[in-house]
Amino acid sequence: MAGPGRSLSRSGLRGREDELRQVQALIASVARTGSGALGLIRGEPGIGKTTLLTEAVATARTAGFSVGLGKADELHHVVPLSSLATCVLHGEEPFLSGDVLVDLARRHDQRIWLVERLAEAIEARAARVPVLIALDDVQWADSLSRFALKQLPRRLRTSPVLWLLTGRQGIGGPAEEIVAAVADELPAVTVPLGPLSGAAIGQLAGDTLGTAVDEQVRGLLEGAGGNPFLAVEMLTGLRTAAASGEPVPPGLVVGVRGRLRSLQPDTLRFLQMGAVLGRGFGFHDAAALCDRAPAALIPALEEALHAGLLDDDGTHLVFRHDLLRQAVYVGIPPSARKALHRAAAHRLVSAGHQPIDAVSHVLRGALPGDEEAVALLRRAADDVLPFTPGLAADLVTRALELVPAARPSWFEVGEQAVVCLTRAGRNREALTTGDRLLACRPPLKTLGRLQAALGLTLWNMDLADELRRRTETTLALDGAAPEVGARLAALRALALSRAHDLGPAREAGEDALRAALGVGDDQARVQALFALGEIALNAGENAVALERFTALSAVDSAFLPEEIVAYQHMDDFETSGRLLLKAVDDARGLREAMFLWAQGQQHLGLGRLDDADADFVTMERLEDDVRVPVQQVNGRVIRSRIALLRGDREAARRHLATPRDRLAAKPNPGNTAAVRFLEAVHADADGDVGLAVDRIRRVQEQGPFLRWRLLRTWVGSAIRMALRGADQRLAEDLAAQAAAHAERNPSVPTALGVAAQALGLVRGDTALLERSVALLEASPRPLVRAAARADLGQALLAAHRTPEAVAALTEAHAAFTASGAHAAAARVKLDLTAAGAGGRRATSRRLPVQGWGALTASEKKVARLVAEGHTNRATADLLVVSPHTVNTHLTSAFRKLSVNSRVQLANLVRTLPED
């Protein structure tokens, strides 16, 4: 350091040669391999992390990297994306326009959409040049930036993107969380910075003083403990004292305080106001806190700049190091800090800043009863709810603490807290908060609003009976506002959708919809339509469900996935496919995980097992990312069924264990029925017919088998198990349910064909099985058609109608094989062999586990497109799937091909013949 205010330059790297080589090797590796990596530079404050990061940035720029450099700030750690925005939304060549956060849908969690937009922008840049995203002081990163940093390195691991972070020493902080999240999927290197050696400190002293270091100086430097920043500050103070002829302050341990004592009072006060505002602050804001005109503080500013305490970037004043800010800040009495933070919040909002920009100061300075602080926290929570619901919940919970209990505003803030906590997936906390408010006996109108707010909380917790009880009790009090009454009525109908008798539920839903339309309340209308759609699906009234969900999607497009699934229940896969394409084209506002559920159901119904499995893998990952598990039990049940159809018993057992465990979190009857049926399928595959039949009976303990929409096309399997277990009564009951379901859905070919198949199995009636096959010709579901043909083939064999049996079994075998259901195809091959038409002995087809031949058809398509230079987004658009699904296929392809980058993939694909 050659003088006050100047950077450490190369001298700041004294003693860091080994660490610098590590970072340079990481940069070179990313450039050479074309694959991603992450580096974390760790150490105590002042140890040289920023200096090393700055040198790494310079090295990367020289190597042709496009660089996004940013810094997290302690007093901005609550502003969503503020930390990562400094890397990707600002700078000389931003990766993305700052309007990315504008007009996000307010009703649904948009974190996944936002991360994908960031990924697409960085990926597009990385297709041209390698990229370095460098973030200093990650320990202060805001929650949305932390969320993104856990996802983006994994998402972009196949592109030449290096993530370089610095963070303070610690255990369990943001830096460690980020490294842990990505360590299994890309190289992650931690570069620890320890104290400098005595020799390096001596060299640093020589650089700074320009003279040889004597014993007195060496003695003073021992107080720096090998910390280069503290050493330089001591040396700067020493040089300043020597130049002025003054003795070195005898109490000097860290030179900062000695330098502060030499400042004019106005300068010190100005610096203190700046320290309250943060490491970077506006000159006018600090002047306002000083209660001085800006012009009067120019001498103070000049002195602070000359002393090397501040830098001026033309927009903000910045403390040259956070330790400098902290040294100034700790000189302010604690009680004064609170008052100054509160004044800072008022100043920022008065100057036109957004409420979230003032929140850090409110949290530090607000006292109970501060109504302005409560209003600011509530506004900030409302602003950030779409993309950081957890932060919104924290802010409004703090607001609730500032309001004296039982005041009218306490209940209003509490209602908002329940909503935000529920959106954040913190349902138990939301329920506890709501019940605490209700215990204070609010007025009837307020009581109604609170119970309505708790409705979704109870539904998420699978407490349908409690939801029904609460809504009925509250409605009976007859004190709620009309719009709140309509919402409560809709929630009551939703609770009744879980009842055995759906007649009252249907009537309640119709009444709720009329009430919602009568008062013109959109929230009540959405809740009523959703309840009516659920009731219709549970009743097996597919056409009615489609009508309800189509109306719901028109009111709120985020419910498009429900409409898509409703078309699938009607066997209208053509329309559902068009709607999926529409959703891919405009994903903003869409619930991404639910969209993947709909897409997975589309692929499953059309017999594309590999694609369906990839969709459900992706859906589960996205639900894990936002910590809101909705369809994970059913998704794993389907994946286990797919694995059994493929013949992968090990994967099937693994997928069975997971939903068993997750039933504890989502113990609703539908999930329980699905898991019990899956247990039956596994028992049957293991040859334990008795256990299989027992599990089918246990499915019906939750309600009739055909009540559960996931199981309706699988009723044939249940009947076969019952017949093998000699439980004719159970088999007949299942067949009767299938017949009733067909009567409710006369325009759905699958329902009609499955009903005929079920009755044919129970009666051993070949004519009914032939009718089943004929009816299913109109069904778009190849696996259902194949199962019916297999049943018919076996019946024809038993009737000694061998040529007809061979024809049916051959078609079944071809359909199973085309869908990738190789275990099912092998079982049919055994029947063909028994009929004398099997050719070679039936064997299960086993795909290789490595190499191009191990890839599924979709993985090959994705691999070829990516090898041609397409981004994930472009590939998704060409294949009409979600970019998240493309990422899942690409991850699997890279693993099977043992490649780590798009460059390596392109080189490999160029050597392959066309499929």
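The model is predicted, so local features need pLDDT of at least 70, side-chain atom pairs count only at pLDDT 80 or more, and totals for chains, interfaces and linings use all residues. Residues are numbered from 1 along each chain as its sequence is written, and side-chain values use heavy atoms, with hydrogens and water left out.

The protein chain holds 45 helices and 8 strands. Helices (H or I, at least four residues) and strands (E, at least two) are DSSP runs, numbered from the N terminus. Of the 915 residues in the protein chain, 58% are buried. Buried means under 20% relative accessible area, exposed means over 50%, and partly exposed lies in between (1.4 Å probe, protein chains only). A contact requires heavy atoms within 4.5 Å. Among contacts in the protein chain with a separation of 6 or more, 68% link residues 24 or more positions apart.

A nonpolar core is a set of buried Ala, Val, Leu, Ile, Met, Phe, Trp, Tyr and Cys residues joined through side-chain atoms within 4.5 Å. The largest such core has 206 residues. Leu 84, Phe 677 and Phe 705 have the most contacts inside it. Helix H25 gives the most to this core, with 10 residues. In soluble globular proteins, nonpolar side chains tend to be buried together. Leaving out residues up to four places away in sequence, Phe 677 touches Arg 641, Ile 696, Val 699, Phe 705, Leu 711, Trp 714, Ser 717, Ala 718 and Met 721.

Helix H25 (522-539) is largely enclosed by the rest of the structure, because 15 of its 18 residues are buried. The expected span of a helix is 1.5 Å times one less than its number of residues. Just after H25, Gly 540 takes a positive phi of about 75°. Glu 534 is placed in H25. With a relative accessibility of 13%, Glu 534 counts as buried. Its contacts, leaving aside neighbours within four places in sequence, are with Leu 494, Ser 497, Phe 549 and Arg 709.

Helix H23 covers residues 482-496. Its 15 residues should span 21 Å, and its end C-alpha atoms are 21 Å apart, in agreement. H23 is also largely enclosed by the rest of the structure, because 12 of the 15 residues are buried. Among the buried residues of H23 are Val 484, Arg 487, Leu 491 and Leu 496. Their cover includes helices H21 (444-460), H22 (464-477), H24 (503-519) and H25.

Strand S3 (residues 131-136) is mostly covered, with 6 of its 6 residues buried. In a regular strand the side chains alternate between the two faces of the sheet. Both faces of S3 are covered. Val 131, Ile 133 and Leu 135 are buried on one side, and Leu 132, Ala 134 and Asp 136 on the other. Two strands pair if DSSP finds at least two bridges between them. Strand S2 (residues 66-71) runs parallel to S3 and is joined to it by 6 bridges. Strand S4 (residues 161-168) is also parallel to S3, with 5 bridges between them. Ala 134 in S3 stands opposite Leu 69. In S4, the bridge partner of Ala 134 is Leu 164.

Several further residues were examined. Arg 720 is found in helix H35 (residues 715-724). The side chains of Arg 720 and Asp 791 form a polar contact of 2.8 Å. A polar contact is a pair of N or O atoms within 3.5 Å; within protein, one must be able to donate a hydrogen and the other to accept it, and residues adjacent in sequence count only if both atoms are side-chain atoms. Not counting residues up to four places away in sequence, Arg 720 touches Gln 757, Leu 761, Ala 787 and Asp 791.

Val 628 lies in the loop between helix H30 (609-626) and helix H31 (632-646). Val 628 is partly exposed, at a relative accessible area of 30%. Its C-alpha atom is separated by 9.5 Å from that of Asn 460, 168 residues apart along the chain.

A disulfide is a pair of cysteine sulfur atoms within 2.5 Å. By this rule the count is 0 disulfides. Cys 420 is buried, with a relative accessible area of 2%, whereas Cys 440 is partly exposed, at 33%.
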